[in-house]
Amino acid sequence: MVWDPKKFRKPAAVELKKTLSPLQFEVTQNEATERPFQNEFWDYKKEGIYVDIVSGEPLFSSVDKFDSGCGWPSFTKPLAKDLVTNHEDKKMFVSRTEVRSKWADSHLGHVFDDGPEPTGLRYCINSASIRFIPKEQMESEGYAQLLPLFVASSKTP
């Protein structure tokens, strides 16, 4: 089984409410934000990938994860630029850039220009919008094509 965007159909809200926790639903479908430092992946250090909780589309890698001190999982970049979409967000009285998954259109978080090199970006992502797949399970879950990311990585868990 390989994740295939051509086969993905986003479930209706009533179905998503059955499969997602209330927090996951509010974050991904209603642009809520979970509490900093009180979420599943803000300080998670294992090797693997992070996928959209709604669709399973691969989004981020532990190779690009860093501790930004903000209390949410932070990444320097997505697995590929075309896997996420950016949208202007003016809800907090300041203009920010919202990040959404391409296929499920899930609200993931925001991207800021205060990250480390090489990108200078900080993708600040809600844990409730993603699911972690450990490197050891990537093949069995259909993400074997992404395993080469970890061959060249010197990052340790």
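The legends below describe close-up views of a predicted model. Residues are numbered from 1 along each chain as its sequence is written, and side-chain values use heavy atoms, with hydrogens and water left out. In this predicted model, local features need pLDDT of at least 70 and side-chain atom pairs count only at pLDDT 80 or more, while totals for chains, interfaces and linings use all residues.

**View 1. The open sheet has six strands in the order β3-β4-β8-β7-β6-β5.** The pairing in this sheet is antiparallel. β3 and β5 (84-89) are at the edges with a single partner strand each, so one side of each has no neighbour in the sheet. Strand β4 (residues 74-75) and strand β8 (residues 122-125) run antiparallel and are joined by two bridges. Within β8, Cys124 stands opposite Ser74. Strands are DSSP runs of E with at least two residues, helices are runs of H or I with at least four, and both are numbered from the N terminus. Two strands pair if DSSP finds at least two bridges between them.

**View 2. Helix α2 spans residues 22-30 and has the buried residues Gln24, Phe25, Val27 and Thr28.** Buried means under 20% relative accessible area, exposed over 50%, and partly exposed in between (1.4 Å probe, protein chains only). The cover over the buried residues of α2 includes α1 (13-19), β6 (96-101) and β7 (107-112). Just after α2, Glu31 has a positive phi of about 60°.

**View 3. Ser101 is a residue of strand β6.** Ser101 counts as buried because its relative accessibility is 1%. A polar atom of the Ser101 side chain lies 2.9 Å from the backbone nitrogen of Ser106. With neighbours within four places in sequence left aside, Ser101 is in contact (heavy atoms within 4.5 Å) with Asp52, Glu57, Leu59, Leu83, Thr85, Ser106 and Leu108.

**View 4. Nine aromatic pairs are found in a search of the whole structure.** Rings of Phe, Tyr and Trp (its six-membered ring) pair if their centres lie within 6.5 Å; planes under 30 degrees apart count as stacked, over 60 as edge-to-face and the rest as tilted. Phe37 and Trp42 form an edge-to-face pair, at 5.0 Å centre to centre and 80° between the planes. Phe37 is partly exposed, at 42% relative accessibility, and Trp42 is partly exposed, at 25%. The pair of Phe41 and Tyr50 is edge-to-face because the ring centres are 5.4 Å apart and the planes are at 80°. Phe41 and Tyr50 are both buried. Ring pairs also link Phe41, Tyr44, Tyr50, Phe60, Phe75, Tyr123 and Phe132 into a cluster.

**View 5. The largest nonpolar core has 14 residues.** A nonpolar core is a set of buried Ala, Val, Leu, Ile, Met, Phe, Trp, Tyr and Cys residues joined through side-chain atoms within 4.5 Å. Ile49, Val54, Ile133, Met138 and Tyr143 have the most contacts inside the largest core. Leaving aside neighbours within four places in sequence, the contacts of Ile49 include Pro58, Phe60, Arg131, Ile133, Met138, Tyr143 and Phe150.

**View 6. Val63 sits in the loop between β2 (58-61) and β3 (65-66).** Val63 counts as partly exposed, at 30% relative accessibility. From C-alpha to C-alpha, Val63 and Ala12 are 33 Å apart in space, and 51 residues separate them in sequence.

Notes:
Polar contact = N/O pair within 3.5 Å; in protein donor to acceptor, adjacent residues only side chain to side chain.
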